[in-house]
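Please look over the model shown here. The report below covers a ligand site and then a pair of strands.

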Amino acid sequence: MSLRLGDIAPDFDQDSSIGRIKFHEWLGNSWGVLFSHPADFTPVCTTELGLTAKLKDEFEKRNVKTIALSVDNAESHNEWIKDINETQAANVGFPILADGDRKVSTLYDMIHPNANETLTVRSLFVIDPNKKVRLIITYPASTGRNFDEVLRVIDSLQLTDHYQVATPGNWKQGDDVVIVPSLKDEEVIKQKFPKGYKALRPYLRMTPQPNK
Ligand code: BEZ
């Protein structure tokens, strides 16, 4: 059965560009982004890994570790990393899982046989420090992912874990947020949102981002 939001991200022990990785142990208390790509030495994947490397500080700021995966071997990954660094002006400092036996791809349902029988699609999982799956996205091989969007969702998850708010469509850091509909008591709302709020409808209450 495929993974769903809220499930515990399956643990595994697998080879990688930096040696064996015991996933849960490697994650420690960090958030994680686990993302697959179809194959080494392919153009879109090269740009995606370069982008991820260049966003290192942004991921670190949010306490997020990134880890890529393809079904090629570790030797190939390490050769490819040289190309990524050179062509993308990047420095890939995160591991790439070498999933030749498809152990991780199978656990995370990353191979979609009607798209490709043997290679992974572009799956991406955001995992929180409790090892729960918080975001799942799946893109086709022909479309590179938007890593700014991945960071945006992580910002939303980290914000909404701490405050009783949700983030509206196209929200970004600093924009107003919505008060969760389950919060009804006006006195409690005033106390929790001292910057005030605007009720456009009883169920649509906008408030400035509480931690800004
Ligand atoms: C790529 O990463 O460029 C790619 C990989 C597989 C199919 C198409 C494109």
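Helix α2 (residues 43–54) gives the largest share of the shell around the ligand, 3 residues. Helices (H or I, at least four residues) and strands (E, at least two) are DSSP runs, numbered from the N terminus. This is a predicted model, where local features need pLDDT of at least 70, side-chain atom pairs count only at pLDDT 80 or more, and totals for chains, interfaces and linings use all residues. Residues are numbered from 1 along each chain as its sequence is written, and side-chain values use heavy atoms, with hydrogens and water left out.

**The ligand site**

Around the ligand sit Pro38, Thr42, Pro43, Val44, Cys45, Arg122 and Ala141. Each has a heavy atom within 4 Å of the ligand. By type, the shell holds 5 nonpolar residues, 1 polar and 1 charged. Arg counts as charged, and Pro, Val, Cys and Ala count as nonpolar.

Polar contacts are pairs of N or O atoms within 3.5 Å.

| Residue | Protein atom | Distance |
|---|---|---|
| Pro43 | polar backbone atom | 3.2 Å |
| Val44 | polar backbone atom | 2.6 Å |
| Arg122 | N or O atom in the side chain | 3.0 Å |

The protein covers 71% of the 260 Å² of accessible area that the ligand has on its own (Shrake-Rupley method, 1.4 Å probe).

**The strand pair**

Strand β6 (residues 122–127) pairs with strand β7 (residues 133–139) in the antiparallel sense, over 6 bridges. Pairing requires at least two bridges found by DSSP. Ile127 has Val133 in β7 as its bridge partner. The hairpin has 5 residues between the strands, and Lys131 takes a positive phi near 70 degrees in this hairpin.

Terms used: Polar contact = N/O pair within 3.5 Å; in protein donor to acceptor, adjacent residues only side chain to side chain.
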